[in-house]
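Good morning, everyone. Please look at the screen.

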There are 2 protein chains.
Amino acid sequence: MDKSENNFNRLLLEISFDGRNYGGWQIQPNSPTVQELIQETLTKLYSGQDIKLTGSSRTDAGVHAVGFAASFAVPARPHIPPDKLKKALNGLLPDSVAIRGVKEVPMDFHARFDTAGKAYTYVINLGDETPFASHYSWRPYLKLDIEKMREAAQHLIGTHDFSSFVVNRDDIDNAVRTIYNIDFQVFGQYLCITFTGNGFLYRMIRCLVGALEAVGTGKISGPELKTILEQKDRRKAPNTAPPYGLFLMKVFYDKEDITKFKLENVPFL
Amino acid sequence: MDKSENNFNRLLLEISFDGRNYGGWQIQPNSPTVQELIQETLTKLYSGQDIKLTGSSRTDAGVHAVGFAASFAVPARPHIPPDKLKKALNGLLPDSVAIRGVKEVPMDFHARFDTAGKAYTYVINLGDETPFASHYSWRPYLKLDIEKMREAAQHLIGTHDFSSFVVNRDDIDNAVRTIYNIDFQVFGQYLCITFTGNGFLYRMIRCLVGALEAVGTGKISGPELKTILEQKDRRKAPNTAPPYGLFLMKVFYDKEDITKFKLENVPFL
């Protein structure tokens, strides 16, 4: 009986954070990170016992999250029910981090290896400068042809070697990933480009958005984007889009949930 | 001929700012202010000539603006056309301040004395904590009955002595103001309460929102709110709402524009 109870003493947190003040998720020297902050808060709540969070991925400095996922093995004592833990964490964490959900998962659950896919949204400000969204959107200098971007994005959907759209290609074994969908939506003055896929390489979305922006401004054509993808050479691709327009929206652990994902509004609400 | 040209050498700026980093609009010691920042930037653009901005009102520390108004007398040289000035200011100002419009006004125009009215929106977060809007909305602890708040707000519309809803009553001659409308709109998880009126006293909106919140949580009733208004005594009123949920939306110089004002979405987009 003890054993079956132990099957559920791992908790999965759904975490939202404003990336502007952090050097990303993962603990590193010389910069505050979200992992460090939440681990320290959990350690306080569990009476000083060391808590180690396993995140679903790394995120770059400045990138935001609506639904980052991280799990930890819960100490036997003190017992804190999930809803109480959520409230306690939100009470102790700064405004720039919010816990949106706390869920029991099996002990053998792994926040990184068990992911079925992810959704990311990149926000582009098509209108005037605004002080409220300047940290949550990229405002390119030139006017964008969204229809051309939408058409060109079709070349990226599917299973491809994305070597042309990754930073530090030499550090990874395999640059083949599957993009299920790239959705373009306009809410007010914001263009939101939502990518769903089985996984994304380091800075891949920012590289892809940089390339799509080059299509939108007419710097490259849709067929040229296709050629760049086929060349599998990062040096051929346009610039990388800045981190502050990017939001990790959702980490999926069930493949069925991926196609159901739909952005309802700009992610910074 | 020179004289008729001189009739238009005053410019009116429409200014949007994130109030979190500022001690309000008006220059004061020991705290950066929006007025100081824009004046210094204008002085740079006008080759070191001192520029003095006249604002439409003061704003409290932490309060935001979508459409603050301020005017200044333009030096004869160098000549900078309005659209160029807007771009130059936005290029030099930090992300937390944006110039939305630059318009020529007659030399005898006064940004404060000529106002016909103002619109303010107060944002209340009805849902979960979110790191992106924590500086742009107030999240009261208790659940709110919006229908009760809407009904009670009807008592405030019209011409009244608002002495019960003002800080530093002794500093002002006359607390009679006219509220034209109080509009309740819900966008996603945000309740936006928009006040239009011929003018508002120091902290009046925050006092009114504090009272409406007390109605929403059941602490006081609608008729009690009416009694508090009639008592003309600040000590009778509930607490003041925090500054970070408040946005000055628009300063009207034409009375006809006031009734046309309609909020389209949350103000922090």
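Start with B:Arg203. This residue counts as buried, with 20 C-beta neighbours inside 10 Å. A quick word on terms: buried takes 20 or more other C-beta atoms within 10 Å of a residue's own, exposed takes 12 or fewer, partly exposed lies in between, and C-beta atoms are placed from the backbone.

Before I go on, two notes. This is a predicted model, where local features need pLDDT of at least 70, side-chain atom pairs count only at pLDDT 80 or more, and totals for chains, interfaces and linings use all residues. Residues are numbered from 1 along each chain as its sequence is written, while chains are lettered from A and ligands numbered from 1 in the order in which they are written.

Back to B:Arg203. Its phi is near 65°, a positive value in a residue other than glycine. Where is B:Arg203 placed? It lies in the loop between strand E8 (190-197) and helix H5 (204-216) of chain B. Helices (H or I, at least four residues) and strands (E, at least two) are DSSP runs, numbered from the N terminus.

Next, B:Ser47. Buried or exposed? B:Ser47 is exposed, with 9 other C-beta atoms within 10 Å. Its phi is positive too, about 50°, and it is not a glycine. B:Ser47 belongs to the loop between helix H2 (34-45) and strand E2 (54-55) of chain B.

Now the peptide bonds. From A:Arg77 to A:Pro78, the bond is cis, with omega near -10°. A:Pro78 sits in the loop between strand E3 (64-73) and helix H3 (82-92) of chain A. In chain B, the bond from B:Arg77 to B:Pro78 is cis, with omega near -10°.

Why pick these out? Most residues other than glycine have a negative phi, and most peptide bonds are trans.
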